[in-house]
Amino acid sequence: MNNNKAVVPHNLPRGEMGGKQKIGQVVGKNRRVLGDIGNLVTAPAVEGKPKAQITRPATRSFCAQLLANAQADKNKKPLAEVVNKVGPIKVPVKKMASDNNSAHAVIVISPAKEVKTIVEESPLSRRKTKKSGKTLTSTLTARSKAACGLTNRPKNEIVNIDAADVDNHLAAVEYVEDIYSFYKLTEDEGRVNDYMDFQPELNHKMRAILVDWLIEVHRKFELMPESLHLTINILDRFLSVKTVPRRELQLVGISSMLIACKYEEIWAPEVNDFIHISDNAYARDQILQMEKAILGKLEWYLTVPTPYVFLVRYIKAATLPSDDQEMENIAFFFAELGLMNYKTTIACCPSMLAASSVYAARSTLNKSPLWTQTLQHHTGYSEDQLMECAKQLVSYHLGAAENKLKAIYRKFSSPDRGAVALFPPARNLSPPTTTTTTISSG
């Protein structure tokens, strides 16, 4: 046999050379004869017999068959001994002609009578198969950030404030962002406009006196903070649609708190409790009739986003990763100061009042920075947008000790509230002090 010619086996299985061959077709007529592609192996000669060349492709099954035949022949030496003399036989199983850099499998027949398949890869193939992790979308996003100058910002500026509540089903981590987005969209529905011109017998001082008394009642009954915020919301919404005489203003406040307690509290105070706390100023039937009138005017719409629902979220964003009770107390202190003052309640929507309370609290405690990217992300307000409302809250703090209405001041001066009302007001938000010089004659 001429060694320069390639040996073409006649018993190729279907699919080895592009499908089943037709009868009478001459192999290699229309194409050049393939050279040695490295898929032929010469088995080592056994003693006593001449060396024979195996012209069959060395497939995995064929190698296994060789091993089995060697072990079955008792008159011949085992194949393992032969391998010990000539070393392991590496047989390439399959190689794609179209990809010169692709990985190919190699069968290693070792003396331990095991057939192992080792995948050998070229350095070029490893570079091709290594995933870079970059997609077209990420590339375009990176270019957009670079164009906007956002790439210079430090990473992870926005803290995931819900990471610790993933296993808490009551926290509703999957929906909490959607819930607060809905609150921001609907907060104007429960917001009231300036209604004092609509009330001929009322003014903002009367309202402040009523709210101050309701805060005392709220503290006396040890109610939830949600009940206080909803009480003031119901009161303002009813006064914006119904003219109320001065003698019935306290009755509206009592009935508003009764409704709020039924909505928020587990054990709500009874009507007799409100009659007693108001020194029997109103009868039971009067309170029930006013309750019915309020619900009718408000069309039973009580699920409104008050400053409280925003405040708890913003305090969480301001105090993480540690729980700062002092920060929480002073933020609620500023929020209640804003609720008692009619001007702030009308000018600031609930979310802005809550965010301004947190900003004023951080300023009072000298936190640095005063406003973080996390707070701006969750509140939706920048530092400049909160400045005016926060200055109003700090001005109320400045005059809280001299104010005749001291319910909030006494409440937050107690040790159970951290005595935060006694803290010095924030200097950066306080109005500039003016000094006057008196020149005496002679």
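**Exercise 1. Determine at what angle α5 and helix α11 pack, and how that packing is classed.**

Solution. Begin with the axes, which are lines fitted to C-alpha atoms, for helices over the stretch in contact, with angles that run from 0 to 180 degrees between N-to-C directions. In this predicted model, local features need pLDDT of at least 70 and side-chain atom pairs count only at pLDDT 80 or more, while totals for chains, interfaces and linings use all residues. Residues are numbered from 1 along each chain as its sequence is written, and side-chain values use heavy atoms, with hydrogens and water left out. The helices themselves (H or I, at least four residues), like the strands (E, at least two), are DSSP runs numbered from the N terminus.

For α5 and helix α11 (residues 307–319), the axes are 11 Å apart and the packing angle is about 135 degrees. Next, compare this with the classes: angles under 35 degrees count as roughly parallel, over 145 as roughly antiparallel, 65 to 115 as roughly perpendicular and the rest as oblique. The angle therefore makes α5 oblique to α11. As for handedness, a crossing is left-handed if the near helix is turned anticlockwise from the far one by less than a right angle, and right-handed if clockwise; α5 passes α11 in a left-handed crossing.

Finally, list the contacts (heavy atoms within 4.5 Å). On the α5 side they involve Val-176, Glu-177, Tyr-180, Tyr-183 and Lys-184, which meet Val-309, Phe-310, Val-312, Arg-313 and Tyr-314 in α11. Sorted by class, this contact has 7 nonpolar, no polar and 3 charged residues, where Ala, Val, Leu, Ile, Met, Phe, Trp, Tyr, Cys and Pro count as nonpolar, Asp, Glu, Lys and Arg as charged, and the others, Gly among them, as polar.

**Exercise 2. Describe how α6 and α7 pack, and state which residues meet.**

Solution. Helix α6 (residues 204–220) and helix α7 (residues 225–239) have axes 11 Å apart and pack at an angle of about 155 degrees. The two helices are therefore roughly antiparallel to each other, and the crossing of α6 and α7 is right-handed. From α6, the residues Arg-207, Leu-210, Val-211, Leu-214, Ile-215 and His-218 meet Pro-225, Ser-227, Leu-228, Thr-231, Ile-232, Leu-235 and Asp-236 in α7. The classes in this contact are 8 nonpolar, 3 polar and 2 charged residues. To understand the spacing of such positions, recall that an α-helix has 3.6 residues a turn, so residues three or four places apart point the same way.

**Exercise 3. Check the span of α6 and of α8, and find what covers their buried residues.**

Solution. The expected span of a helix is 1.5 Å times one less than its number of residues. The 17 residues of α6 should span 24 Å, and its end C-alpha atoms are 24 Å apart, which agrees. For α8, with 16 residues, the distance from first C-alpha to last is 23 Å, close to the expected 22 Å.

Now turn to burial (buried means under 20% relative accessible area, exposed over 50%, partly exposed in between, with a 1.4 Å probe and protein chains only). The buried residues of α6 include Met-206, Ala-208 and Val-217, and the buried residues of this helix pack against α7, α8 (249–264), α9 (271–277), α12 (325–340), α13 (342–347) and α17 (407–411). In α8, 12 of the 16 residues are buried, so α8 is largely enclosed by the rest of the structure. Among them are Leu-249, Gly-253 and Cys-261, and the cover over the buried residues of α8 includes α6, α7, α9 and α10 (284–297).

**Exercise 4. Decide whether Asn-280 and Ala-419 are buried or exposed, and describe their phi values.**

Solution. Asn-280, in the loop between α9 and α10, has phi near 55 degrees, a positive value in a residue other than glycine. With 60% relative accessibility, Asn-280 counts as exposed. Ala-419, in the segment after α17, has a positive phi of about 50 degrees although it is not a glycine. With 18% relative accessibility, however, Ala-419 counts as buried.

**Exercise 5. Locate the cis peptide bond between Ser-368 and Pro-369.**

Solution. The bond joining these two residues has an omega of about -5 degrees, and Pro-369 is found in the loop between α14 and α15 (373–379).
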